Amino acid sequence: MAGNKGRGRASFTFNIEAIGFARGEKLPDVVLKPPPLYPDTDYKPVPLKAGEAEEYMLALKQEFRATMKRTPYFMDTEEEKQEIERYSKRYLKNYKEDDLEWIPDWRRLPREMMPRKKLEWLWPSCYYKLVNESNLYQDLEKKGDEEKSDEETDEKEGGKGKRKDNDDDDDDEAADEQEEYDEEEQEEENDYINSYFDNGDDFGAESDDNMDEATY
Amino acid sequence: MTQAEIKLCSLLLQEHFGEIVDKIGTHLIRTGSQPLRAIVHDTGTSLDQVKKALCVLIQHNLVTYQIHKRGVVEYEAHCSRILRILRYPRYIYTAKTLYSDTGELIVEELLLNGKMTMSAVVKKVADRLTETMEDGKTMDYSEVSSTFCRLADTHFVQRCPLVPDPPESADAQPPPPAPTLSINEKDMYLVPKLNLVGKGKRRRSSDDDAAGEPRPKRPKQTAESKEPIPDDGIYWQADLDRFHQHFRDQSIVSAVANRMDQTSSEIVRTMLRMSEITTSSCAPFTQPLSSNEIFRSLPVGYNISKQVLDQYLTLLADDPLEFVGKSGDSGGGMYVINLHKALASLAMATLESIVQERFGSRCARIFRLVLRKKHLEQKQVEDFAMIPAKEAKDMLYKLLSENLISLQEIPKTPDHAPSRTFYLYTVNSLSAARMLLRRCYKSIANLIERRQFETKENKRLLEKSQRVEAILASMQATGAEEAQLQEIEEMITAPERQQLEGLKRNVNKLDASEIQVDETIFVLESYTESTMKRA
């Protein structure tokens, strides 16, 4: 920069008149700051198209967004839960939660997608034994079989926060799904390493340190 | 994938699926395909939440999975598919115009749920239609399913790839960690026959309702819950490419109508309709059609003689826009529609109008000039545009700095000395279209952010009005007096009401802008895609 000082026009290798500066004219200042966030526009924008189709699409868009928020696909963070339930919120509630629960078709998904809550109760007590005892595997299976029939319904209901016991059309699907689910579950239980890892994640989900440990 | 696209995807996911899905989805877009463990680790989200988020994304066809070596399943998000969420209202509206309310609800349900079985769609849509009907009337399942069949016949809905049947000797080797989904192309639009058997039973149940009082919202079907679903495992989704084809055809037809007249647009519409299913959505030309065939397929009641039709076709083929081309002389002349050319013309018109609206008509003149003449020197631009040299330079540089016009150097000598170099200005339409596309994504992201800001600013007020409305509704249901209702209504003061109205107006405007910017995106995207496929 300093080397250029005082040399003026001579620093250009081309004829400056070609780009529209007359001889002796002052060059524009160097711009040292970013352009403004909301620059002035020379031309005002044209108004939006308006018509029946546009209005209908607008309504569809807003309705779609609102409906998505009420589907089981919408996963929000839990922070919105309030300690004290507001009286007036009660009115809002049934408006919000009238949608059905969602049971994914596990056949279409990778096996690792399935929630494996069933073994969770085993985890803390068995952790140390896991390392040494070779016959633990049979234990697991036996315990699993005993508990399965009782746990089944509980676990289904309590498994996911969003599930409600609505009597909806999906009931038949649910029954179907359940069979499928158990079959797969049995296979899963043979998968020693996987269950080990997964329970680790569930257990340590609260703190980041544990998380890392469990993942590796 | 640009930052603007990623940002927009993230906003769309957040608005439609919540924070957690947004986090996982955006992570996947940024990093490409990833196994489950890596996602859990990198996002610091609990395993269960990641699993559920992935399930949601897969359900909505936004994420796909693939088995990699050593049996690791990797998940990949599709940015361009996520951006299609912007166009959902247009898909639904199109279904309404083509197949009335039933078609609208079918497509809406499919988009809301990602994929559904036909029986579930028919059930849900019939329920929803029944709800809107007067007491005592119901929607028949058969009617809904016939609309569904028509949607499948015209390829607006298609089957999702199926899970292969498990081999009998499955116990010999462990099942793969993820199913490999596949579909035979012939079956893509095949409506399951099985469904027709199950339909009769369901229809009886709706007939029962029709005889008695209006059906409850969700009838408990204890008897039916045991029986297997007839089309279990056969899922359907909306075929977005087919919708795009429809949008494209419509804009071609209206472009022809604007350029020539109604009759010629009707001829082009007929040609497009004839080749709708025979031509793939990305082909540069339609199949050649003879003028005799076109004559036979013209809509009934459209009284033009064969001679007039031939004249129109010759006119269309001679038009410099080249929407219609002549490919042969057999059968009274074979004609094709040059889809690529049509898309390019539409995109160029969009580019020109953007330049005109942003930089004024004189800049647009320079832009059009460079576009037509391909390569021009600065002096030539000044002369041809008939704009004073100083102003012309100013405008040219402005367009250059906005990347709408590009500069090509051609040195006369190898030393690239400026005095011995030609500077040619040119419009690189593909890169200009891409640049504008990025701008459009950015604008929509900005619009969404602004809308969220407006809503957040007035959150308390919105909640209050919601609460008041809810209370009002419940009071009305219990039969409260008029005075009581009015009292509650007055809980929202006049200035508050005014503020609410203002907010509503702003949000509507922002939402409408989003939809309309997406229309521009559609034109530009179709152009870039079609150009890429030709290259």
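**B:Phe522 counts as buried, at 5% relative accessibility.** Buried means under 20% relative accessible area, exposed over 50%, and partly exposed in between, with a 1.4 Å probe and protein chains only. The model is predicted: local features need pLDDT of at least 70, side-chain atom pairs count only at pLDDT 80 or more, and totals for chains, interfaces and linings use all residues. Residues are numbered from 1 along each chain as its sequence is written, chains are lettered from A and ligands numbered from 1 in the order in which they are written, and side-chain values use heavy atoms, with hydrogens and water left out. The charged end of B:Arg90 sits over the ring of B:Phe522, 5.3 Å from the ring centre. B:Arg90 also lies over the face of B:Phe247, at 4.0 Å from the centre of that ring. A charge sits over a ring if NZ of Lys or CZ of Arg is within 6 Å of the ring centre and within 35 degrees of the ring normal. B:Phe247 is buried, with a relative accessible area of 2%.

**Ten aromatic pairs are found over all chains in a search of the whole structure.** The rings of B:Tyr88 and B:Tyr91 have centres 6.2 Å apart and planes at 50 degrees, so this pair is tilted. Rings of Phe, Tyr and Trp (its six-membered ring) pair if their centres lie within 6.5 Å; planes under 30 degrees apart count as stacked, over 60 as edge-to-face and the rest as tilted. B:Tyr88 is buried, at 5% relative accessible area. B:Tyr91 is buried too, at 0%. Both tyrosines lie in helix α6 (residues 88-113) of chain B, three residues apart, about one turn of the helix. B:Phe247 and B:Phe522 make an edge-to-face pair, with 5.6 Å centre to centre and 85 degrees between the planes. B:Phe247 belongs to helix α11 (residues 240-259) of chain B and B:Phe522 to helix α22 (residues 494-534) of chain B, so their pair ties together parts 275 residues apart in sequence. Helices (H or I, at least four residues) and strands (E, at least two) are DSSP runs, numbered from the N terminus. One aromatic cluster is formed by A:Phe64, B:Tyr88, B:Tyr91, B:Tyr99, B:Phe156, B:Phe243, B:Phe247 and B:Phe522.

**Domain 1 and domain 2 of chain B bury about 1400 Å² between them.** Buried area is the accessible area (1.4 Å probe) that two parts lose on being put together, summed over both. Carbon and sulfur atoms give 66% of this area. The contact involves 15 residues of domain 1 of chain B and 14 residues of domain 2 of chain B. Contact means heavy atoms within 4.5 Å. The domain centres, taken over C-alpha atoms, are 26 Å apart. Domain 1 covers 3-77 and domain 2 covers 79-164 + 179-198 + 232-238. Domain bounds come from an automatic or database domain assignment. That assignment also gives chain B domain 3 (241-337), domain 4 (342-427) and domain 5 (433-475 + 487-531).

**Residues 7-65 of chain B carry a UniProt domain annotation.** The unreviewed entry lists them as "domain: RNA polymerase III subunit RPC82-related helix-turn-helix". UniProt positions are given in the numbering used here, feature names are shortened, and annotations may be inferred rather than shown by experiment. The span is 76% helix and 8% strand. Its end C-alpha atoms lie 23 Å apart.

Most residues other than glycine have a negative phi. B:Lys374 sits in the loop between α16 (361-373) and β10 (376-377) of chain B. B:Lys374 is exposed, with a relative accessible area of 56%. B:His416 also has a positive phi, near 55 degrees. The loop between β11 (406-411) and β12 (421-426) of chain B holds B:His416. B:His416 is partly exposed, at 44%.

**B:Ser264 is buried, with a relative accessible area of 0%.** The residue belongs to helix α12 (residues 262-274) of chain B. Not counting residues up to four places away in sequence, B:Ser264 touches B:Val256, B:Tyr312 and B:Leu316.

**Chain A has seven helices and zero strands.** From the N terminus on, the elements run α-α-α-α-α-α-α. Of the 216 residues in chain A, 33% are buried. Among chain A contacts with a separation of 6 or more, 68% join residues 24 or more positions apart.
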